[in-house]
Amino acid sequence: MAALRSVLSGRSVAGQVFVLYLVIVLLLVVAAVVALVLQVRRDSTEEARNRSLAVAETFANAPGLTEALDSPDPTAVLQPRAEAARKLARVDFVVVMNTDGIRYTHPKRDRIGKQFVGTIEPALAGEPVVEEVKGTIGQLVQAVVPVEDDDGTVVGLVSAGITTENVGGAAEAELPLVLSAALAALALATGGAALVSRRLLRQTHGLGPREMTRMYEHHDAVLHSVREGVIIVDGDGTLMLANDEARRLFGLPEDAEGRHVLDIGLDPGTAGLLSSGRVATDEVHRVGDRLLAVNQRPTDRAGGPRGSVATVRDSTELRALSGRAEASRERLDMLYDAGVGIGTSLDVTRTAEELAELAVPRFADFVTVDLFESVLAGGQPDAAAALRRTAVTGIADDAPLYPGDEKIRFVASSPQGRSLASGRPVLEPRLGEAPGWRAQDVQRSGQVVDYGIHSLITVPLRAGSLVLGVVSFWRSRKPGPFDAEELALAEELVARAAVSIDNARRYTREHSMAVTLQQSLLPRSLPEQSALEIAYRYLPAQAGVGGDWFDVLPLSGARVALVVGDVVGHGLHAAATMGRLRTAVHNFSALDLPPDELLGLLDELVARIDQDEAQDEEAAPVTGATCLYAVYDPVTRHCTVARAGHPPPAVVRPDGTVEFPDVPAGPPLGLGGLPFESADLELPEGSRVVLYTDGLVEDRTRDIDVGLDQLREALSRAGDSPEDTCRVVLDSRRPVRAGDDIALIVARTRVLAADRIAEWPVPPDPAAVGEVRAAVTRKLAEWGLAELTFGTELILSELVTNALRYGGSPIQVRMLHDRSLVCEVYDSSSTSPHLRHATMTDEGGRGLFLVAQVAERWGTRYLPAGKVIWAEQPLP
């Protein structure tokens, strides 16, 4: 009770905070109650407007209303209906009136026949109107809507409304609940304020503002007059207080307080200690030319706030130990730098150069790295083979050491030879006196000693049981020789570098295998065809071989299929998966399927591959595979495109206009469940179709929309030829360091000339076969292909006869004079013929066998309404 009286008295800091907090809460509660009441009233009014309009529109569209308006006594018919609707909808009135505003219905019958009070002009124009007016039954919200006959003429009006008294009733009904909630909130806030003030009272010991000011003045006077540094840091590492002595010892800036201890310019070790909050006793830290002893204790042991208090004193008497501490720190820094600076790339040569650059001049004056040649190629080291000087770095360029890229065989008596043979480091403190060293190269060894190089450490590059090469550290400028401690440091440096070099060696081996596999799987040349003039580019990613691929596949009827796909990821698995998908596309294209159906089969194949490999823990599923398949017909100039999660193609019209056609984007391959859709494009002769993978338009630094805009701009500047288009696109879009493969195909369309196309409709009469043969003979003579007359007549006779016997009308014959002579027979049946071998006693069954013998290729192509049997013959 005494504490409560002290709080309520207002003399203490806690009491003043309690009163201020209570006043603020009271104002907020009052404002909330007022706002809530106003909101409830507003919502009620809006509800009245919506209800009156809904009731009026419902009644105006009720069946039989227009007939009732035309009846001799509309009131007799409509008054019961209006009253029933009014009661059911809980509104105050439903009034039906004519177009002059004379009421036919009203809850008060003495109002019937009188003029309606309100605005009716918008309703007469066909538009409903809602308004708040003072009517015959008081202040109300009413809606007026038109009644229209079948031809849209307004023949009457309907109004429904509710009075403001009823509107406000809802708000007043909720007012007790709102006030009760406000009182409860006020009570809770008062209790909370009391708890906060009570805790503040306990922390300030009931002192008033004046007493607390005097206490803190005494505290500051004592804190800043002592000759020992004091630093207080909170639990987040923020410097809360530093006295004058601490500022002097650490050289803190004026604005240090309030900043994190890691950001105020302290040595990383000292800043790490202060931010960690750990217990420290006389821990020595070097700050400038001083050695400071730091004692630190946490502040939350007795229930205080999180943080720590550190006291600092100058321990200059330990200056004699500073040289050794400095050397140790430099060595630790070097090891740390080796951990983060060696192995930044998966390149064997670059990793060796990083080791040499790190050690010069901090540890040695010259450093050479010699690796077995097989290691540079990613293979296993061969102890009997020669080494190649992979890296050489020094403080000068004129040292008489073996130059870079030199092929070297170290003799067994040399320090390097002994290190390679034993797998252990060798220290030669005085190189001029080392036995067996000059046997490596007498002349060069003498030049090395004369140059001033006097001490050497050789360390073998060991990765497990493998010795990858040897590292040599040479000293010339510092007069003292290498010692045992420096030998241990050199061994540690090389051990860290060996791990990175071995990783780079393994990556080089896998990368070489993946490149070989990928190059064997990608097309080495384009097939011969006449429909498209094609140029392509393939740029592998620098980070590793990926799974992008492309293909050009000649189809029947002089058509050509263009394929581009992408398997997400890099390495052997991505390249192998790409080969499997490319082979599958080759096989499926032989079926002459539409693009959407082919992608559907490819999707099922990827799903089956995933299902099979899911049973093997070491096998990776095919994730993120995309594909775009397009078929161009030079006869009709139509290009049918379907895509599975792949970027859309670009089309450059002959006038230079660039567009990205709206091709439905199907899901990536392997997801299943959704069908693929295709788009049919009509391309003028000379149009360029551009297919590409996402590496061309998307990376981590830009969105795909930005990449597509940049591609559009590059295509608009390119010349007409596909080769020029490829060059301009890659010159403008090639990244500095490609993170993904880039596949690009540019195909310029050609059209098969009309004089190389011959078509004949075939009536459903067996006698028409002879007419077809005669027409074919004439056309072949016109084309100068009389040598093919016999075979062509045989092929078409058999195919037309089969169509007449087993197919359906209409039947049509087409011949194409392209790189080969193509004969096609179309009928409306979807039944596919099968090649079989007839026996000696069979009367039929030899037709397709004869066709297969005469033609170079033949097959069936299905259409949405029927099929085409085709056969190709090579030109003489």
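This is a predicted model: local features need pLDDT of at least 70, side-chain atom pairs count only at pLDDT 80 or more; totals for chains, interfaces and linings use all residues.
**Stop 1: the largest pocket.** Start by selecting Arg559, Asp633, Arg861, Leu863 and Pro864. Of the 27 residues lining the largest pocket, these sit closest to its centre. The pocket holds about 700 Å³ of space. Now colour domain 4 (526–749) and domain 5 (755–874): each gives at least three residues to the lining.

Which strand gives the most to the lining? Select S19 (626–633), which supplies 4 residues. Helix H17 (595–613) and strand S30 (857–863) are among the other elements that supply at least two each. Colour the lining by class and you'll get 13 nonpolar, 5 polar and 9 charged residues.

**Stop 2: salt bridges.** The whole structure has 34 of them. Side chains of opposite charge can pair when their charged atoms come close.

Pick Asp724 and Arg727 next; their closest N and O atoms are 2.3 Å apart. Both belong to helix H19 (722–733), and because they are 3 residues apart there, about one helical turn separates them. Arg727 is partly exposed, at 42% relative accessible area.

Then hop to Arg350 and Glu357, a salt bridge with its closest N and O atoms 3.2 Å apart.

**Stop 3: Arg388 and Asp405.** Here the closest N and O atoms of the salt bridge are 3.6 Å apart. Arg388 is in strand S11 and Asp405 is in the loop between S11 and S12, 17 residues apart. Buried or exposed? Arg388 counts as buried at 18% relative accessibility, while Asp405 counts as exposed at 53%.

Conventions. Residues are numbered from 1 along each chain as its sequence is written. Side-chain values use heavy atoms; hydrogens and water are left out. On a 1 Å grid over the protein atoms alone, a cavity is a set of points where a 1.4 Å probe fits but cannot get out, and a pocket is an open set with protein on both sides within 12 Å along at least five of seven lines; lining residues have an atom within 4 Å of a point. Grid points are joined across faces, edges and corners, and a volume is the space filled by probe spheres set on the points. Ala, Val, Leu, Ile, Met, Phe, Trp, Tyr, Cys and Pro count as nonpolar, Asp, Glu, Lys and Arg as charged, and the others, Gly among them, as polar. Domain bounds come from an automatic or database domain assignment. A salt bridge is a side-chain nitrogen of Lys or Arg within 4 Å of a carboxyl oxygen of Asp or Glu. Buried means under 20% relative accessible area, exposed over 50%, partly exposed in between (1.4 Å probe, protein chains only).
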